[in-house]
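The stops below are meant to be selected in order.

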Amino acid sequence: MTIDSMRAAPHQGDDGGPGLVQLLTPEGERVEHPDYPLDVTADELRGLYRDLVVVRGIDREAVSLTRQGELGLWASLLGQEAAQIGSGRALTGTDMVFPTYREHGVAYCRGVEPIKLLGMFRGVNHSGWNPAEHGFHLYTIVIGSQTLHATGYAMGIQRDGVLGTPNAGAAIAYFGDGATSQGDVNEAFVFASVAHAPIVFFCQNNQWAISEPLERQSRIPLYRRAQGFGFPGVRVDGNDVLACLAVTRAALENARTGQGPTLVEAYTYRMGAHTTTDDPTRYRLKSDEEAWKLKDPIERVRAYLAREGLASETFFRSVDDEAKAVAADLRKECRALPDPPPGAMFEHVYAAPHPLMTEEQEAFAAYLDTFEEVPA
Amino acid sequence: MTTLTLGRALNEGMRRAMEEDPKVLVMGEDVGRLGGVFRVTDGLQKDFGEERVIDTPLAESGIVGTAIGLALRGYRPVVEIQFDGFVFPATDQIVTQLAKMHMRSLGTVGLPVVVRIPCGGGIGAVEHHSESPEAYFAHTAGLRVVACSNAADAYTMIRQAIASPDPVIFFEPKRRYWDKADVDLDAPLPDPHAAKVVQPGTDVTVLAYGPSVKTCLEAASAAAEEGRSLEVVDLRSLNPLDIDAITASVRRTGRCVVVHEAPVFGGFGAELAARITERCFYSLEAPVLRVGGYSTPYPPSRIEDHYLPDLDRILDAVDRTFGW
Ligand SMILES: Cc1ncc(C[n+]2csc(CCOP(=O)(O)OP(=O)(O)O)c2C)c(N)n1
Ligand SMILES: [Mg+2]
């Protein structure tokens, strides 16, 4: 092979390409893939549908709470529900998730109550759950950082000597297409590869890093990066909940049995703005959004369920009602979320007593008291 | 005179520098088509093209590292770090390379790179979007560190930073981006590292830079109503520091309060306090007092007003200098 024949053409947006693993087409046709056979019961299918609709409802509610000033910001998962529910439902209790700030669907699968996700976006805390309780680490805003944490965690699993046993777990790191440019992410790939660590790198390629399209980050499809680091990479239809489930399940199982890391590229689309402060009309075409609307992750499951007679109109209505009820509860709980007391900023900065904290905390309290003493 | 927001003034300053020197480049995340998340680079890519206004891959170390390479090849990159909290991946390139290359090369290699960093809190943001990391960089020899506080300064200071033969860390007060002021686009350029008395006074010198300057001016107005005269000095430059202007003021007033958003402990105010004490020991009626963030990570936004120095905390410190 000559150097010239190996040179990649500048990457252009594509439809996912021939390597794309798909088990449910956008039209809702069930197709088979030789490497990823998947048996799902009607019950499981309905469960996945329910998950997708409920998390979309939670997300929509959070967007509207932001518009009404109840939240300062929200990073919507609209369009990425299948990538998150498919991969999230592949997890077991012993796995550990390292999310970005957009993994509301995965959080949902890990049993993190939706209200707990809202705190940091409302500005009342920096996180709302105990990671160990849910096998779901804190949201990470600094792009790419968590991929190294996930890798180190996986190296810990290795050292526990549990791989290949029922107690084995895997780490799974979520990150975006933009994140693949960060040094941290590339270092995570190197460390994981060298250690042969039990980790799944789950990249949601939603085609955008704020205003920058994928071609600003890569000349080749992202899943192919893995090969250069020495582990397998696979591209899955990120809007196909069944394919995401099957592929992530296989990758996790590989990790748990000591076969090393896998990069999963979930090929999807960020249907909304980057966050509620972003205005995508400045940098992308409505027609792209329209084209991706036809690949909606929920519609195809619904079409399949209906066509195969696996779910009735009553079922669909009950799911919609449930999503509405969850959203209504969330709205109520969000409005009731109290502001932290001002002194909360001094809490938990250190694990052990710290004299400067004590000093500043006392001075702060005394300062606040001076206001109360002022006669009206 | 034109009325510009601070953000727009920066834009006009960069535009002018790009017109005057074809080697000036702008690079960073989302700076091109979007014009930056704060729109500070709005329209520059449209007018100067993608070769000069580069939407970079998402990697801060890469951004600063390649800016260094471009500078080695004769360009003058103006780098945007999207938010203060995201400069840290680039810290290695800034501290170990950018700051030291001129000295290591015995002066043969110059790195005219500007690193623009929107800084400070008060915009109700999630974590990592409200930090004030200036002390790290002021502590690093080889970097010039400046902080603008208003539109008129923003316009001249960014041009001077770009013209500087040394690397410049350029702090922009993000919550003041939308504040308007009259800007004389043809005014002569002042000394880029001179401090400025923005409010003359006689009782206490209040030192500030960046976003805190406006807060201090408000405190000065409030103090005036109570018959106390604050002299507010906008440092504009942290490194080099205009220590002569500072000492002149403190010798006149005999009292000094330093205000910044960064935590007080190990903060830039400590350097000011030490220098002022050395130079003005016999003029001081009270120790130099510091008002700033607490020694905690930046808090959740709903309580950030308690963390940020405000009018009351500044006036409280002023009072304390009189009670000594
Ligand atoms: C180190 C760092 N630099 C910059 C940012 C600002 N920022 C937040 S999200 C984002 C784009 C991320 O794109 P991608 O990784 O594709 O994830 P997505 O938001 O699309 O889910 C950027 C640049 C950040 N959070 N962290
Ligand atoms: Mg993305």
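Helices here are DSSP runs of H or I with at least four residues, numbered from the N terminus. The model is a predicted one.

**Stop 1: Phe121(A)**

Select Phe121(A), which belongs to helix α5, residues 114-122 of chain A. Phe121(A) has a relative accessibility of 3% and so counts as buried. Along the chain, Phe121(A) and Thr66(A) are 55 residues apart, yet 8.7 Å separates their C-alpha atoms.

**Stop 2: helix α2 of chain A**

Move to Ala42(A), in helix α2, which covers residues 42-67 of chain A. Its relative accessibility is 26%, so Ala42(A) is classed as partly exposed. Which distance separates the C-alpha atoms of Ala42(A) and Ala311(A)? Draw the line between the two: it comes to 8.3 Å, for residues 269 apart along the chain.

**Stop 3: helix α3 of chain A**

Select residues 81-88 of chain A, helix α3. How many of the eight residues of this helix are buried? The count is eight of eight, and the helix is described as mostly covered. The buried residues of α3(A) run from Glu81(A), Ala82(A), Ala83(A) and Gln84(A) to Ile85(A), Gly86(A), Ser87(A) and Gly88(A).

**Stop 4: Arg300(A)**

Next, show the side chain of Arg300(A), in helix α12 (residues 297-307) of chain A. Is Arg300(A) buried or exposed? With a relative accessible area of 1%, Arg300(A) is buried.

**Stop 5: ligand 1**

Select ligand 1 and display the residues around it. There are 20 of them, and the closest are Tyr101(A), Arg102(A), Ile141(A), Gly178(A) and Glu60(B).

- Arg102(A): an N or O atom of the side chain is 2.7 Å from an oxygen atom of ligand 1.
- Ala179(A): a backbone N or O atom is 2.9 Å from an oxygen atom of ligand 1.
- Gln82(B): a polar side-chain atom is 3.5 Å from a nitrogen atom of ligand 1.

Ligand 1 exposes 580 Å² when taken alone, and the protein buries 95% of that area.

**Stop 6: the cysteines**

Colour the cysteine sulfurs. How many disulfides does the structure hold over all chains? The number is zero. Start with Cys109(A), which is in no disulfide; the nearest cysteine sulfur belongs to Cys244(A) and is 12 Å away. A disulfide requires two cysteine sulfur atoms within 2.5 Å. Cys109(A) counts as buried because its relative accessibility is 13%.

Then go to chain B and select Cys280(B). The closest cysteine sulfur is that of Cys256(B), and at 8.2 Å it is too far for a bond. Cys280(B) has a relative accessibility of 0% and is therefore buried.

**Stop 7: backbone geometry**

Stay in chain B and centre on Pro240(B), in the loop between β12 (237-239) and α9 (243-253). The peptide bond leading from Asn239(B) to Pro240(B) is cis, with omega near 5°.

Two residues other than glycine with positive phi come next. In chain B, Arg39(B) has phi near 65° and sits in the loop between β2 (24-28) and α2 (44-48). At 25% relative accessibility, Arg39(B) is partly exposed. In chain A, His348(A) has a positive phi of about 70°. The loop that holds His348(A) lies between α13 (313-336) and α14 (355-373) of chain A. Is His348(A) buried or exposed? Its relative accessibility is 75%, so His348(A) counts as exposed.

**Stop 8: His129(B)**

Finish at His129(B), in the chain B loop between β5 (114-119) and α6 (134-138). His129(B) is buried, at 12% relative accessibility. Show Val126(B) as well: its backbone oxygen lies 3.3 Å from a polar atom of the His129(B) side chain.

Terms used:
Residues are numbered from 1 along each chain as its sequence is written. Chains are lettered from A and ligands numbered from 1 in the order in which they are written. This is a predicted model: local features need pLDDT of at least 70, side-chain atom pairs count only at pLDDT 80 or more; totals for chains, interfaces and linings use all residues. Side-chain values use heavy atoms; hydrogens and water are left out. Buried means under 20% relative accessible area, exposed over 50%, partly exposed in between (1.4 Å probe, protein chains only). A residue is near a molecule or strand if one of its heavy atoms lies within 4 Å of it. A polar contact is a pair of N or O atoms within 3.5 Å; within protein, one must be able to donate a hydrogen and the other to accept it, and residues adjacent in sequence count only if both atoms are side-chain atoms. Accessible areas come from the Shrake-Rupley method with a 1.4 Å probe; for residues, only the protein chains shown count as cover.
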